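Trainee: I have a model open and would like to learn how to read it. Where do we start?

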Amino acid sequence: TASRSARISGRVRVPGDKSVSHRALILGALATGRTRITGLLEAEDVMATAGAVTALGAEVTHNDGVFEVLGQGVGGLRAPRGPLDFGNSGTSSRLMLGVVAGHDMRVEFTGDASLCHRPMGRVLRPLTTMGLQVEGEGETFPLAVRGTLDILPIAYDLPVPSAQVKSSILLAGLHAPGRTTVVEPLATRDHTERMLGFFGAELKVEDRADGTRAVTVCGDAELAGASFAVPGDPSSAAFIVAAALICPGSEVVIENVLMNPTRTGFFETLREMGAEIALLDLRDEGGEPVGDLRVKAGALKGVRVPPGRAPSMIDEYPVLAVVAAFAEGETRMEGLAELKVKESDRLAATAAGLKACGVVAHVEGDDLIVEGTGTVKGGGRVETHMDHRIAMAFLTLGLGAEEPVTVDDVGMIATSFPGFGSLMTELGASLA
Ligand code: S3P
C-alpha cells in the first residue's frame, strides 16, 4: 500500500540497467577469456540469464559486487542437462534463443505463467529461416528447439519494433558465415550493437533516408572478454522521477543513469509536460552515455505522445500514464500495440488501474488517453497481472493520491528492481 507522501528528497543510485546486464552476461559467455562486470543488476530476470549461460557451460562467479564470466568463445557453449527456465524474463529467453540457434544442441525453453503466454513466433520465424529447428507447432513456451552449426546469415526486415527480436537475430548471426542484417522500422534500444562493438565484433549501423535503421553484423565473429560497468537503469529511475514530480516540494538527484537516446523518451516527454529535469555531468561509460538526473516537483500539463517515440520509452508508459493523471489536461499516448504483449497486457492493465484509482482514462485502438485534473483520488486496489512495472507504477500513484492505493502483488518487483520499497522509503515515500 502506498499513501500520500509529503516530499520526496535525497540523492540516490538505482540498480544496474536490466537490458545492459543481460547482454553483458551473454556476450561474456560468448567471448574468449574473462569478462568482469560491475554494477550488474542483481534481480531475478538477470539471474535467469546468468543461470542459462551457466547451464550452457560458461562459468559465472560473483564476489563483492563484481561478476566474472569465463566465456567459451562464439560457438563454444554445450548442451544443458535440463530445460532452461527463464522465469518472467522475455529478454533473456528471446536473446538466448538466438544464441542456441548457432550451436549444435537441443534445448528446452520454459518460464513462468506470464512468459509462457508471450509471443515467441516473432523470434522463431527469423531464427528458423537461419536454420533453427522448432519441435512442434507451438509459438509459446514451453518449447524445444535444435540449433545448428550450419546457421545461415539473413537480411531481415523487423515487422515489429523490438530490440529483443533484433538482438536475437544478431546473436545468431555471430555464428553464421557472412553478414546478417536486421532492418528496423524505428530505432529500438541499441545496447547489443554497442556492446558487440565493445567486445570486438565487426558491425555496421546505417540510418537510412526513409527513417529505418539497418544493423549488420559479420559472422564467424571473435569476441574478446572485456571489463564492463553497468550504468543505472533509466526504467527504474523513472519511478523515482515520477514520484518526485507528483509529490509537492520534492527534489531528488539520481546518479549514474543510462542516458542512451534510444531509452530517454520518457524524460523527453516529461519535459514537454513542463517537468523540471536537469541532466548533469553527461559522460561515457563502456560505450554508453551516462548522467545524473535532478528532478523537482512542479505543475504539469497534458501532451500528445507520438507513436514514433514508443520504442524509446516502451517500458515507461504505465508510469507516464500515472504522471499524466496528475497533470492538467488530456494526455494522448499513441501507437502502443507492443504494450499488449509485455509481462502483462499493459495497455489494459494501466487503463484498469487508473480507473480503479478514480482517474478518467480509456483505450482507443492502440492509444491510451488519460484525462488529468491535477489531483488523483486514489483509494483503489490495483491488479498487477504478474507485472512488476504495473505494481511499481501504481504504488507511485499512491504517493501522490488523496487516498492510499494497494496493489495485489509486490513479489514481481524483484524481477527488475530489488530494493524498490526501501529506496523509495529512504527518499520519504510512505509505503507499507
Ligand atoms: C528489451 C526490449 C524491450 C523492453 C524490454 C527489454 C531489451 O522489449 O520492453 O523490457 O532488453 O531488449 P521489446 O524488444 O520486445 O520491445
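Mentor: Start with a pair of charged residues. Arg122 and Glu338 are both buried. Keep in mind that this is a predicted model.

Trainee: How far apart are the closest N and O atoms of Arg122 and Glu338?

Mentor: First the general idea. Side chains of opposite charge can pair when their charged atoms come close. Here the closest N and O atoms of Arg122 and Glu338 are 2.8 Å apart, and the two form a salt bridge. Now look at where each partner sits. Arg122 belongs to helix α4, while Glu338 is in the loop between β19 and α10, so this pair ties together parts 216 residues apart in sequence.

Trainee: How many salt bridges does a search of the whole structure find?

Mentor: The search finds 33. Take Asp45 and Lys18, whose side chains meet in a salt bridge at 3.2 Å, N to O. Asp45 is in helix α2 (residues 44-55) and Lys18 in helix α1 (residues 18-30), so the bridge ties together parts that are 27 residues apart in sequence. Both Asp45 and Lys18 are buried.

Trainee: Which parts of the chain does the pair Arg118 and Glu343 link?

Mentor: Begin with the contact. The side chains of Arg118 and Glu343 meet in a salt bridge of 3.8 Å, N to O. The pair links distant parts of the chain: Arg118 is in the loop between β7 (106-110) and α4 (121-130), and Glu343 is in the loop between β19 (328-333) and α10 (346-356). They are 225 residues apart.

Trainee: Are Arg118 and Glu343 buried or exposed?

Mentor: Use the cut-off: buried means under 20% relative accessible area. Arg118 has 5% relative accessibility, so Arg118 counts as buried. Glu343 has 11%, so Glu343 counts as buried too.

Trainee: Which residues are linked with Arg118 and Glu343 in a network of salt bridges?

Mentor: Arg189, Asp315, Arg346 and Asp387 are linked with them in that network. Remember Arg189 and Asp315; they come back at the ligand.

Trainee: Now the rings. How many aromatic pairs are there?

Mentor: The count comes to 7 aromatic pairs. To read one, check the distance between ring centres and the angle between planes. Phe109 and Phe141 are 5.7 Å apart, centre to centre, with 40° between the planes, and the pair is tilted. Phe109 lies in strand β7 and Phe141 in the loop between β8 and β9, so the pair ties together parts that are 32 residues apart in sequence. Phe109 is buried, with a relative accessible area of 1%. Phe141 is buried as well, at 3% relative accessibility.

Trainee: What is the geometry of the pair Phe198 and Phe199?

Mentor: Angles over 60 degrees count as edge-to-face. The ring centres of Phe198 and Phe199 are 6.4 Å apart and the planes are at 65°, so this pair is edge-to-face. Check the accessibility of each partner. Phe198 is partly exposed, at 34%, whereas Phe199 is buried, at 2%.

Trainee: Which residues form one aromatic cluster?

Mentor: Phe86, Phe109 and Phe141 form one. Stay with Phe141 for the backbone.

Trainee: What kind of peptide bond joins Phe141 and Pro142?

Mentor: The general idea comes first. Most residues other than glycine have a negative phi, and most peptide bonds are trans. Phe141 and Pro142 are joined by a cis peptide bond, with omega about 0°. Pro142 is found in the loop between β8 (133-134) and β9 (143-146).

Trainee: Where is His385, a residue with a positive phi?

Mentor: His385 is in the loop between β22 (381-382) and α11 (388-400). Its phi is near 50°. His385 is partly exposed, at 45% relative accessibility. Met386 also sits in the loop between β22 and α11. The phi of Met386 is near 60°, again a positive value. Met386 is partly exposed, with a relative accessible area of 30%.

Trainee: Last, the ligand. Which residues surround the ligand?

Mentor: Ser19, Arg23, Thr91, Ser162, Ala163, Gln164, Arg189, Ile314, Asp315 and Lys342. A polar side-chain atom of Arg23 lies 2.6 Å from a ligand oxygen atom. For Ser162, a side-chain N or O atom is 2.9 Å from an oxygen atom of the ligand. For Asp315, a polar side-chain atom lies 2.7 Å from a ligand oxygen atom.

Trainee: How much of the ligand's accessible area does the protein cover?

Mentor: On its own, the ligand has 380 Å² of accessible area, and the protein covers 95% of that.

Terms used:
Residues numbered from 1 in each chain as written. Predicted model: local features only at pLDDT ≥ 70, side-chain atom pairs only at ≥ 80, totals over all residues. Heavy atoms only, no water. Helix = DSSP H or I, 4+ residues; strand = E, 2+ residues; numbered from the N terminus. Buried < 20%, exposed > 50% of the residue type's maximum accessible area, 1.4 Å probe, protein only. Salt bridge = Lys/Arg side-chain N within 4 Å of Asp/Glu carboxyl O. Phe/Tyr/Trp six-rings, centres within 6.5 Å; stacked < 30°, edge-to-face > 60°. Near = heavy atom within 4 Å. Polar contact = N/O pair within 3.5 Å; in protein donor to acceptor, adjacent residues only side chain to side chain. Areas by Shrake-Rupley, 256 points an atom, 1.4 Å probe, with all protein chains shown as cover.
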